Amino acid sequence: MTLSINTNGIQTYKIVDSAERLVARCPETFVGILCSLDGLQATHDRIRGVPRNFERTIETFHALAKLRDRVPNLGVGITTTFCAWNQDEMDEMFELVVRKLKPDNWDLSFVRGEAMVPAIELADVAKYRNIKARLERAYADGELRYYSNMPLARFVHAKERLSTRTVLKTLETGTYQTPCYAGALSAVISEEGDVYPCELLNRKIGNLREANYDFRALWAAEEAREIREFVHKSKCFCTHECNMSVNLLFNPAAYPRIAGEMVREAMGVSLAPDRGASPGPAAAPLAPQAKATLHRETGVRAPIRITARRKS
Ligand code: SF4
């Protein structure tokens, strides 16, 4: 089993102490902890709005990395949301993250949803493609590792490569690429107990408190069934990387392409960087689409991924 936890890195002692207890209590579980870093110092602190957030995150990362060197079932990564405010400092970010911090993974996602400052959303897809291609080369050259101690790391990384290609295709063509299993295999729960299929689709399945904390009952209710049907029949699409990951992992139709990525990685074939002029900012944050086409049911049974969600 693997567990992935994101942290803003602000409370170093609390984070490291919790991580230490977690890996000790669950020796059979691989725990990946990702520290959020949204840019160089000034950019990161501007986006986060918390004084010294950058310094504290770096401190937390180093403390977690020290712990990782002592325990076999811990991985420590960096996660970054690529956006208009940090897209022009990706070369410096590469130096900092890949060459200085040397994490077990650098998870770089394209901005999605409605940002508090709308200008953040106007990110350049060509610049995103370029840094993702550079990251793939770093993995292929061994400059950046991908959780070398995690079970099935090569397979999971191949799935991540396919996810990157699918996200880029979605961004570059603005079209649906693959069925989404949000609301069927994954859920998001707000701090008030509201359950959603994902953070982007504003359709509530129900409230845990009102349902006496009976998640199964909510999951089996009519509202949940209708939302699943909507997601499937409307061919809802977006670039949500966490959901994209689930969508590929639990869709047997994607397996030959994941295998292809494993072969390509072994042969050192990377994602093509952008060669032409920048197409400019993404036209708009992609909204769920509503085209009536039947969803092809895969019949896959899989665990439900649950994410905590803060209300904006
Ligand atoms: S495609 Fe995106 S917006 Fe639609 S349900 Fe899936 S994750 Fe949510």
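Modeller: Let's start with the term helix, a DSSP run of H or I with at least four residues, numbered from the N terminus. This is a predicted model, where local features need pLDDT of at least 70, side-chain atom pairs count only at pLDDT 80 or more, and totals for chains, interfaces and linings use all residues. Residues are numbered from 1 along each chain as its sequence is written, and side-chain values use heavy atoms, with hydrogens and water left out.

Colleague: At what angle do α2 and α3 pack?

Modeller: Axes are lines fitted to C-alpha atoms over the stretch in contact, and angles run from 0 to 180 degrees between N-to-C directions. Here α2 (residues 41-48) meets α3 (residues 53-68) at about 105 degrees, their axes 8 Å apart. They're therefore roughly perpendicular (65 to 115 degrees).

Colleague: Which residues in α2 and α3 meet?

Modeller: With contact meaning heavy atoms within 4.5 Å, Q41, H44, D45 and R48 of α2 touch N53, F54, E55 and T57 of α3. By class, that's one nonpolar, four polar and three charged residues. Ala, Val, Leu, Ile, Met, Phe, Trp, Tyr, Cys and Pro count as nonpolar, Asp, Glu, Lys and Arg as charged, and the others, Gly among them, as polar.

Colleague: How do α6 and α10 pack?

Modeller: For α6 (residues 153-173) and α10 (residues 255-266), the angle is about 105 degrees and the axes lie 8 Å apart. That makes α6 roughly perpendicular to α10. Their contact has six nonpolar, two polar and eight charged residues. The α6 side includes R154, K159 and R165, and the α10 side includes R257, E261 and E265.

Conventions
Helices (H or I, at least four residues) and strands (E, at least two) are DSSP runs, numbered from the N terminus. Angles under 35 degrees count as roughly parallel, over 145 as roughly antiparallel, 65 to 115 as roughly perpendicular and the rest as oblique.
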